[in-house]
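Try each task before reading its solution.

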Amino acid sequence: MHPMVKPALRRGWRDLNTVQFGMSPAHALTLGPVDTATGSFLELLNGTRGLPLLREEAHRMDLPEGHVDLLVRRLSRAGLLDDARGGGAAAAELRAKQEVMDRLAPDLAALSVVAREPDGAIERLAARRGMRVRVRGAGRVGAVLAALLSGAGVGEVEVLDGGCVEPWDVAPGGLPAEAVGERRDAAARRAVRRAAPGRPERRTAGTPSGADEAGHALVVIAPRDDVAVHAPDPAVAAPLIASGTPHLYAGIVEATGVVGPLVLPGQTGCAECLHHGRTDRDETWPRLVAQWRSGRQRRVRPCDLALATTVAGLAAAHALAFLDGETPSSTGARWEVSAPALNWHGRPVWPHPDCPCGAARKSVVEDTSKEGGARATMAEQRPSSAPRRQAEATRPAGTWRAHV
Ligand SMILES: [Zn+2]
């Protein structure tokens, strides 16, 4: 191990013996009491020295025997250390690609703030390169979102859509003006390749087929159609529910941006759960949806460019958090933001007992009509197969003290 006090966290001394790592309340913590010698020794934990060399240095500084190992262990347990050489073979392979590492350096630093384990950040970044994500929809939201995932290091991002690029599909970071008239999916894939750090090897030959959803870590459903955003069609997601593929919704309806739900099939509320829940609350809901779906299709739908970019960005962040092994707040919930006030509101998508997805059977809280108790239900919806996520959840938010 080559310990490095996480450089991503700003350091500040609150008094002579107490050091604070990090600024934002979500990630900051204080460490103390730290004596002067230990304080100076922290400067040596910069990733250039292994433990044997650090022990020698500590000996020269008259620090007590065993102090280094204790300090490293405690800093590590507090989530304050990176291992400059850790993460295994995939991490070593990534570190060897200097151009890619330079591009992704801020993303790696951000991951180091979130990941507690000393090799957690580089492991997650390396894991992204092996992941396959499909984005359905290449409009102002979908194409930008796909490019963001690619730019953030996801190795394989496929984009599916039909038709040709229209002038109103063009968006900074997504489909360029030069692509107008080209096939939408081909233009979006080019945007994805352009955004990728380095030149990832293409593992799939030809164009992906629409039916093959299996093998994807995540499918993002980002329809250009506003009705599909407001009232997602359960039939579209049925193959994803059947194959157990996690999927995330994102899009724009009128002047409202929507991120979520992230559906973990059989564990959290899905599009059909959402439909049943809305019908319970408003019996005319199915009648309205039928009219919206059968109404005349408009060529141009309302889509504020800044709002679309925001939705693409936030949805990509939720997608990345999930791919990194976390449980983002869109899991079983829709985040909605409406112009002009632009406040975000989270609306839970409760598992519904009449939905064949089976999520309601997993839910401890059976009464899905209750709006209260959201946190208890959501906690129970966390996938049981992810011990790391549970371990992560034990980290308290806010500034706390660790004693050395
Ligand atoms: Zn369902």
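**Exercise 1.** Find which residues of helix 7 meet which residues of helix 8 in this predicted model, and describe how the two helices cross.

*Solution.* 
- Start with the residues in contact: helix 7 brings Ala143, Ala146, Ala147, Ser150 and Gly151, and helix 8 answers with Ala188, Ala191, Val192 and Ala195.
- Next, sort them by class: seven are nonpolar, two are polar and none is charged.
- Now look at the geometry. The axes of helix 7 (residues 142-151) and helix 8 (residues 184-195) come within 7 Å and cross at roughly 30°.
- Angles under 35 degrees count as roughly parallel, so helix 7 and helix 8 are roughly parallel to each other.
- Finally, the handedness: helix 7 crosses helix 8 in a right-handed sense.

**Exercise 2.** Work out whether helix 5 and helix 6 are parallel or oblique to each other, and list the residues that make their contact.

*Solution.* 
- Take the axes of helix 5 (residues 98-114) and helix 6 (residues 120-129): they come within 8 Å, with a crossing angle of roughly 130°.
- An angle over 145 degrees would count as roughly antiparallel, and 65 to 115 as roughly perpendicular. Helix 5 and helix 6 are therefore oblique to each other.
- Their crossing is right-handed.
- On the helix 5 side, the contact uses Leu104, Asp107, Leu108, Leu111 and Ser112; on the helix 6 side, Ala121, Ile122, Arg124 and Leu125.
- By class, that gives six nonpolar residues, one polar and two charged.

**Exercise 3.** Step back to the whole chain: how many helices and strands does the protein chain have, and what share of its residues is buried?

*Solution.* 
- Count the elements: there are 16 helices and 13 strands.
- Of the 404 residues in the protein chain, 40% are buried.
- For contacts between residues at least 6 apart in sequence, 69% join residues at least 24 apart.

Methods
Residues numbered from 1 in each chain as written. Predicted model: local features only at pLDDT ≥ 70, side-chain atom pairs only at ≥ 80, totals over all residues. Helix = DSSP H or I, 4+ residues; strand = E, 2+ residues; numbered from the N terminus. Buried ≥ 20, exposed ≤ 12 C-beta atoms within 10 Å, placed from the backbone. Contact = placed C-beta atoms within 7 Å. Axes fitted to C-alpha atoms, helices over the stretch in contact; angles between N-to-C directions. Left-handed = near helix turned anticlockwise from the far one by under 90°. Nonpolar A, V, L, I, M, F, W, Y, C, P; charged D, E, K, R; others polar.
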